Amino acid sequence: MAIRFNASGESLSRSRLAGAKTVMAWIYISTDRNDYTAFFGMGSNEIVATTATGTTLLFYDGTIEYTGTNLTAATWYHLAYSSQGDALTDDWAVYLNGVSDISAGARSAISAGTNMYLGNDEYSEWLNGRLAHVKIWNAQLTQAEIQQEMYTIRPQRYANLWCWMPMIETGSSRDNEWSGSGNTWTENGTLSDEDGPPISWGMKPWVVPFVASGGPTTYYSTPAGSIAPAGAASKRTSKTPAGSVTPAGAASKRTSKYPSGSVGLAGALAAARTVLASVGGALAPAGALVRSTAKGLAGSLAPAGALVRSARKTMAGSLAPAGALVRSTAKTLAGALGLAGSLATQLIGGVIEQAVGGTLALAGTLARATSITVSGAITPAGSIARQIGKTLAGALGLAGSVVTNWISPSAAKLDVTLSDAAQTTLTIANAAQTTLTIANAAQTTLTIGDATV
Amino acid sequence: MATRFVGTPFGAEFPASNYPQLTLSNRRPVLGFDATTSETAYWTFVAPQGWTGTVTAVISYAMASATTGGVAFDVALEAISSGDALDTDASTSFDTVNAGNDGTVPGTAGYMEQLSITLTNADSIAAADLVRVSVARDVADAADTATGDCYVFAVEIRDAA
């Protein structure tokens, strides 16, 4: 926006700024008055105006009229005046569009006066035109500084800023002073608002350098330090962070491929497809680990909550969730598998283990299948629902019952083979309470040594 | 869809002629787009890394006085890659404009509404490109029937990330 002056007596005025100064504004002659036309009247002997032609730039120092470029009406120009001071020996210059147009190294008269004007002077040489984006400093700015100030409404230099009227407001606020200096102006006559020059305010726009959706989704390849957002890490964190990944909230998709440190989540790891390919340290979320964890895990996997689907392929340490392990755990487990909760469906591909080196000790129920070969003991506190294994080197100690059968749930009959009758005893501890029933004698064989019963 | 750039009135750049006025509406910075002359404002940014997919512009606006009619905008992108044969001193290379309109402005002047325009002509924008967004009120569009200034508060650019 701009302030429109269009009649005698219309101006902005205030008490004069003495001494060094720089005054600048965008100016526009709406109608050539073919008469002296003042843009800045800064006292009796310091006037930036036009000559009597109405368009030729003029500086009047109280005695001498210095002339400059001939202006064109209905055109925006940036006009600046800078002065070293009021003394006879002080230099001054008038800049048009950032280029010195009129200048001198001294004055012919000391600059003086009571008031200063915009759009007029004390000789009533009024402007029929517009002024916009006025900035005044009580210092002499250099040409480079003036050029820097030209194309922004917002000042670039705040030191010595004496008055700033951006003139982007209208009505009674059109001449509001924004520098905070309190050097306000008085409106004389009936001023109005018209369109201003094509000048930017000068604020840098906002560019989003990464995608954000509740929290950062992707951090890039190799952060040197730890990643510890206060909130959630919603998608993925890093490929190779040197430090730990410890969000206070949930990490909903994946954390890292190769963190050398620990992944310690205060919250749940909600929907991970793959937490880690290789974790040097422990993976220990306080909450649930919903889907899968890692391919290779050097440390333990010990979520406080449930481990819902699968844990890992190869795990050197223990797998000991406090909650349930719902679907599968591992193919090869060197350590113990000790579940506080139940093992609901299966561990791997229909059986718990291809090979379990240690003990399989369940506090809860082993629902379906366990293993082909278990070198240690299988001692669930609860029941084994369907089948155990083919070969069991250790003891099978059940606190509960065997629900369906031992060897093959798919067999239509029960085959019991005692391979060495001389060393094998089939004991029914309490004959009074126990019945050995062969439901279909035609399809069932009970063999002791070579003898068939 | 992810926000990649937000242009505000204080960050706007202008052509030499036919540009909206930077002013305040209830102390809110706005660009006042005229109802009789198509006026244009620009914003410049560097496309951030990870830029991907379809580009959308969302213009947040309110009418200065109109309570009926519609408003139409044209949004164009100029994406310059390093080494492109374009003399930025003398030329521009905006892609074809993408037109959009809001057939019915809010029934109360000053109520904010958002106009979303899919930028199918996005000048093959890629990460690290020097980008200019051109936003112009298209007063020649038959859908632009609302009178008075259209105050634009912000222009948001989204990609598909």
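Predicted model: local features only at pLDDT ≥ 70, side-chain atom pairs only at ≥ 80, totals over all residues.
For one of the residues involved, pick A:Val207; its bridge partner in E1(B) is B:Phe5.

Now widen the selection to the whole contact between the chains. Chain A puts in 18 residues and chain B puts in 26 residues. Colour the chain A side by residue type and you'll get twelve nonpolar, three polar and three charged residues.

Next stop, a sheet in chain A. Select its seven strands and follow the order E7-E6-E5-E4-E11-E2-E14: they make an open sheet with antiparallel pairing. Its edges are strand E7 (65-70) and strand E14 (186-188), each of which pairs on one side only. Look at how the strands sit relative to one another: on average, neighbours are turned by 30° against each other, ignoring direction.

Strand E6, residues 56-60 of chain A, is joined to E7(A) by four bridges, and the two run antiparallel. Click A:Phe59, then look across to E7(A) for A:Tyr66, its bridge partner.

Time to go inside. The largest nonpolar core holds 98 residues, and those with the most contacts within it are A:Val48, B:Leu77, B:Val133, B:Val152 and B:Val155. Pick B:Leu77 and show what surrounds it. What is B:Leu77 in contact with, leaving aside neighbours within four places in sequence? You'll find B:Val55, B:Phe94, B:Asp95, B:Leu119, B:Ala122, B:Asp123, B:Ile125, B:Val131 and B:Val133.

For another setting, select B:Arg28, in strand E3 of chain B, residues 28-33. Is B:Arg28 buried or partly exposed? It counts as partly exposed because 13 other C-beta atoms lie within 10 Å, while being buried takes 20 or more. Then draw a distance from B:Arg28 to B:Pro9: they're 19 residues apart in sequence, and 9.5 Å apart in space from C-alpha to C-alpha.

Finish by colouring chain A by pLDDT. The chain averages 69, with 46% of its residues scoring at least 70. Select residues 286-299 of chain A, where pLDDT stays under 50; the model has 69 contacts there beyond four places in sequence. Then move on to residues 304-318 of chain A, again with pLDDT below 50, and with 57 contacts in the model beyond near neighbours in sequence.

Notes
Residues numbered from 1 in each chain as written. Chains lettered and ligands numbered in written order. Core = buried A, V, L, I, M, F, W, Y, C linked by C-beta atoms within 7 Å. Buried ≥ 20, exposed ≤ 12 C-beta atoms within 10 Å, placed from the backbone. Contact = placed C-beta atoms within 7 Å. Nonpolar A, V, L, I, M, F, W, Y, C, P; charged D, E, K, R; others polar. Pairing = 2+ DSSP bridges. Axes fitted to C-alpha atoms, helices over the stretch in contact; angles between N-to-C directions. pLDDT = per-residue confidence, 0-100.
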